[in-house]
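The following briefing concerns a structural model and is arranged by topic. Please read it alongside the sequence and the coordinates.

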Amino acid sequence: MRYAMAADTLKCVGCSDCVVACQAENKVPIGYCRDWIVEVTDGTYPVLEMEIRSERCNHCVNAPCVRCCPTGASRYIEGGIVVVVPDKCIGCGACIASCPYDARYPHPAGYVDKCTFCAHRIKKGMDPACVAVCPTKCLYFGDLHDPNSDVSQVLRKRKHKTLVPEAGTDPQLYFLI
Amino acid sequence: MKEEIIVSGRMNSMIDPTLHIWHWQIPLYLFLGGMAAGILCFAALYYLRGREKEYLTAVRVAPFLAPILLVIGLLALFADLRHRMYFWQLYANIRMQSPMSWGAWTLMVITPVSFIWSALHIRDIFPEWNWRYKWLFNLEVFFNRHKTALAWIMLIFGLILGIYTGILLSAFNARPLWNTSILGPLFLASGLSAGAATIIFLSKDPAERKQFAKIDLAIIGIELFLIIHMFMGYLASSQVQIEAARMFLGGEYTASFWIFVVILGLIIPALLEILELRKYHIPAVVSPLLVIFGSFMLRFIIVYAGQMSRYLY
């Protein structure tokens, strides 16, 4: 089992519904977010191009946060999801410094918090909250080892990229381009 | 003109707009740990070579500072934690892939050893010292009998302590400035140099001062080489590392790094030490204090600048 997510940068309108859904579902403290929208505009006026990305933890196969964690609080669970166990986390910040995507943040309660791909929802057979609410249906989630999963199908059909693969993390959040 | 405008909706505290998760506590600890490592290594080295009588300050006096520096450093580390009541989890796990984990275990060994070493030499500072309890006397006898083993532990774990502070940062490939294997040797050299400077500062024996001035001079040479080598490495590497180097080559850390670390912390003390070795009269405290200051600034600048270097937006 290998969970992964794909975000369609051509369909995404940047409404931030995924951000709000995550904050509500995971009781993310006010002022913080586990997922976020990035808008990149480039080109020379008037020929401009815009890419909108719904970003979150990349649940890397070679996750530097898991490697750098001194207590084993950052770990892989089933399907390659990267999580933090709050009762093992000392709040040293090593994982935060080690993440090239800056996907983690210090929770006001002291431990480090991040996207879990809504592991608690997946267990019940549901999609992560961000995927479930997306009004343009631009987020795809599923098991890469299952050829019939939403994410496998869309990655077969569409051209895609990952963010900073040169950081050597083998990220599992794909962007359809 | 081709432009790229990036707008992010993320504004997490201590992460955005640039990472600032580590504040003064971490560089302070890296400095104190490195200096303690330097002091303990020299003490162990000269003890093992049987030169205790000639290098009294190095073997017997300076090590008194080590446990103090280590305890202050540990308190700084503890202050940096955000989930403090769980700090014991560090000692419930050994994770070989995490330099922070083996650093924590190294501290667990070297801190008690530094206390024992100081206790064995306490009569050099307080000649009338009395342990009061018999079991403490017995412990002193026991450790005196195994002093060579103690010195070996001090030397080996001192070197690990000195080098791990750099490896700790270089393990973070997300921060291109830190992601160079030169950082381990550089921090070790800087710690040894600060240790030698402490011994020069404390010693009243001209022969000992001269010996450590020579050692310090050699280490400063090595540090200058490592710094040049480090920047050559950045500039010959990927774009993110070139950008990391630019922070020091015209960017915002240029003045502070080259003035405080390289000129005041390395070149001027080296020149003063050369003049002193050539029998010019230089106030003895100036060059060791500059070396210690440079070592301190190196940690601060590297820790702060490293957090500003990154891959994405």
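The secondary structure of chain A comprises 6 helices and 10 strands, where helices (H or I, at least four residues) and strands (E, at least two) are DSSP runs numbered from the N terminus. This is a predicted model, in which local features need pLDDT of at least 70, side-chain atom pairs count only at pLDDT 80 or more, and totals for chains, interfaces and linings use all residues. Residues are numbered from 1 along each chain as its sequence is written, while chains are lettered from A and ligands numbered from 1 in the order in which they are written.

**Overall dimensions of chain A**

- Chain A has a radius of gyration of 16 Å, which agrees with the value near 16 Å that a compact globule of 177 residues would have; the radius is taken over C-alpha atoms, and the globule rule is 2.2 Å times the number of residues to the power 0.38.
- Along the principal axes, the C-alpha atoms of chain A fill a box of roughly 50 × 40 × 35 Å.

**Strands of chain A**

- Chain A contains an open sheet of 4 strands in the order β8-β1-β10-β9, with mixed pairing; two strands pair if DSSP finds at least two bridges between them.
- The edge strands of this sheet are β8 (139–143) and β9 (160–161) of chain A, each of which pairs on one side only.
- β9(A) runs antiparallel to β10 (residues 173–176) of chain A and is joined to that strand by 2 bridges; here His160(A) is opposite Leu176(A) in β10(A).
- Helix α6 (residues 150–157) of chain A packs on the sheet and touches β1 (3–8), β8, β9 and β10 of chain A, and its direction makes about 115 degrees with that of β8(A).
- Such angles run from 0 to 180 degrees between N-to-C directions, and axes are lines fitted to C-alpha atoms, for helices over the stretch in contact.
- Strands β4 (residues 74–77) and β5 (residues 81–84) of chain A pair in the antiparallel sense over 4 bridges, with Arg75(A) opposite Val83(A) in β5(A).
- The hairpin of β4(A) and β5(A) has 3 residues between the strands, and Gly79(A) takes a positive phi near 85 degrees there.

**Backbone features in loops**

- Tyr45(A) and Pro46(A) are joined by a cis peptide bond with omega near 5 degrees; Pro46(A) lies in the loop between β2 (36–44) and β3 (47–55) of chain A.
- In chain B, the peptide bond between Asp16(B) and Pro17(B) is cis, with omega about -5 degrees, and Pro17(B) is in the loop between β1 and α1 (25–48) of chain B.
- Lys27(A), a residue other than glycine, has a positive phi near 50 degrees and is located in the loop between α1 (17–25) and β2 of chain A.

**Helix packing in chain B**

- α4(B) and helix α7 (residues 147–170) of chain B pack at about 140 degrees, with their axes 9 Å apart.
- α4(B) and α7(B) are therefore oblique to each other; angles under 35 degrees count as roughly parallel, over 145 as roughly antiparallel, 65 to 115 as roughly perpendicular and the rest as oblique.
- The contact of α4(B) with α7(B) divides into 18 nonpolar, 3 polar and 1 charged residues; Ala, Val, Leu, Ile, Met, Phe, Trp, Tyr, Cys and Pro count as nonpolar, Asp, Glu, Lys and Arg as charged, and the others, Gly among them, as polar.
- α7(B) packs with helix α8 (residues 183–202) of chain B at an angle of about 145 degrees, the axes being 7 Å apart.
- By class, the contact of α7(B) with α8(B) has 9 nonpolar, 6 polar and no charged residues.
- The axes of α9 (residues 206–235) and α10 (residues 239–246) of chain B come within 7 Å and cross at roughly 135 degrees, which makes α9(B) oblique to α10(B).
- Phe231(B), Tyr234(B) and Leu235(B) of α9(B) meet Gln241(B), Ile242(B), Ala244(B) and Ala245(B) of α10(B), giving 6 nonpolar, 1 polar and no charged residues.

**Interface between the chains**

- Across the interface, 39 residues of chain B are in contact with 45 residues of chain A; two residues are in contact if their C-beta atoms, placed from the backbone, lie within 7 Å.
- β1 (3–8) and α4 (99–120) of chain B each supply at least two residues of the side that touches chain A, and β1(B) gives the most, with 6 residues.
- The residues on this side of chain B divide into 20 nonpolar, 12 polar and 7 charged.
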